[in-house]
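Have the sequence and the 3D view open side by side, and let us walk through this fold together. A few residues will get a closer look along the way.

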Amino acid sequence: MQIPRRIEVGEGLTLVVAWTDGREDRLEAETLRIACPCAACGGDAVASGASIVGVRLVGEYALGITFGPDGHSTGIFSFDLLRRLGDEAAA
């Protein structure tokens, strides 16, 4: 499992993840909102106008992201999931 060495929120619209292997991913808020893995979303998240209003570390394996404008915050984004989303964004 890759571990981020730096995590930043870019103007509320992107999550920048710099990995220990030197790779840097820029993940759009709307992409993350659509990919929310929580049970409530069930792959049916509304992403239009999504922003990132907060990020918190969950253990040593994931991030919790709070989205605006709806305040949704129950999804836990594992580092593995963030890495896969970065792979998809680069493709």
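This is a predicted model: local features need pLDDT of at least 70, side-chain atom pairs count only at pLDDT 80 or more; totals for chains, interfaces and linings use all residues.

Three strands make up an open sheet here, arranged in the order E1-E2-E3 and paired in the antiparallel sense. Strand E1 (4–10) and strand E3 (24–28) are the edge strands, and each of them pairs on one side only. On average, neighbouring strands of this sheet are turned by 15 degrees against each other, direction ignored. Strand E2 (residues 14–19) runs antiparallel to E3, and 5 bridges join the two. To find this pairing on your screen, look for Leu-15, which stands opposite Leu-27 in E3.

**The sheet E4-E5-E6**

Another open sheet consists of 3 strands in the order E4-E5-E6, again with antiparallel pairing. Strand E4 (51–58) and strand E6 (76–78) each have a single partner strand, so one side of each is left without a neighbour in the sheet. Strand E5 (residues 62–68) pairs with E6 in the antiparallel sense over 3 bridges. A handy landmark is Ala-62, which stands opposite Ser-78 in E6.

**Helix H2 and its contacts**

Which strands of this sheet does helix H2 touch? Helix H2 (residues 79–90) packs on the sheet and touches E4, E5 and E6, its direction making about 75 degrees with that of E6. H2 also lies across E1, E2 and E3, running at about 85 degrees to E3.

Is Gly-86 buried or exposed? Its relative accessibility is 2%, and a residue under 20% is called buried, so Gly-86 counts as buried. Leaving aside residues up to four places away in sequence, Gly-86 touches Arg-23, Asp-25 and Leu-27. Leu-27 is the residue of E3 that stands opposite Leu-15. Gly-86 and Ile-3 are 83 residues apart in sequence, while their C-alpha atoms are 13 Å apart in space.

**Accessibility at a glance**

| Residue | Relative accessible area | Class |
|---|---|---|
| Gly-86 | 2% | buried |
| Ile-76 | 39% | partly exposed |
| Glu-11 | 80% | exposed |

Ile-76 is found in strand E6. Together with Met-1, Ile-3 and Tyr-61, Ile-76 makes a nonpolar surface patch of about 390 Å². Patch residues need over 30% relative accessible area, and Ile-76, with 39%, is partly exposed.

**Two details of the backbone**

Two spots in the loops deserve a look. Most residues other than glycine have a negative phi, and most peptide bonds are trans. Where does the chain depart from this? Glu-11 has a phi near 55 degrees, a positive value in a residue other than glycine. Glu-11 sits in the loop between E1 and E2, and at 80% relative accessibility it counts as exposed. The other spot is the peptide bond from Gly-68 to Pro-69, which is cis, with omega near 0 degrees. Pro-69 belongs to the loop between E5 and E6.

Definitions and conventions. Residues are numbered from 1 along each chain as its sequence is written. Side-chain values use heavy atoms; hydrogens and water are left out. Two strands pair if DSSP finds at least two bridges between them. Helices (H or I, at least four residues) and strands (E, at least two) are DSSP runs, numbered from the N terminus. Contact means heavy atoms within 4.5 Å. Axes are lines fitted to C-alpha atoms, for helices over the stretch in contact, and angles run from 0 to 180 degrees between N-to-C directions. Patches are made of residues with over 30% relative accessible area and no salt bridge: like charges are joined within 9 Å, nonpolar side chains (Val, Leu, Ile, Met, Phe, Trp, Tyr) within 5 Å. Accessible areas come from the Shrake-Rupley method with a 1.4 Å probe; for residues, only the protein chains shown count as cover. A salt bridge is a side-chain nitrogen of Lys or Arg within 4 Å of a carboxyl oxygen of Asp or Glu. Buried means under 20% relative accessible area, exposed over 50%, partly exposed in between (1.4 Å probe, protein chains only).
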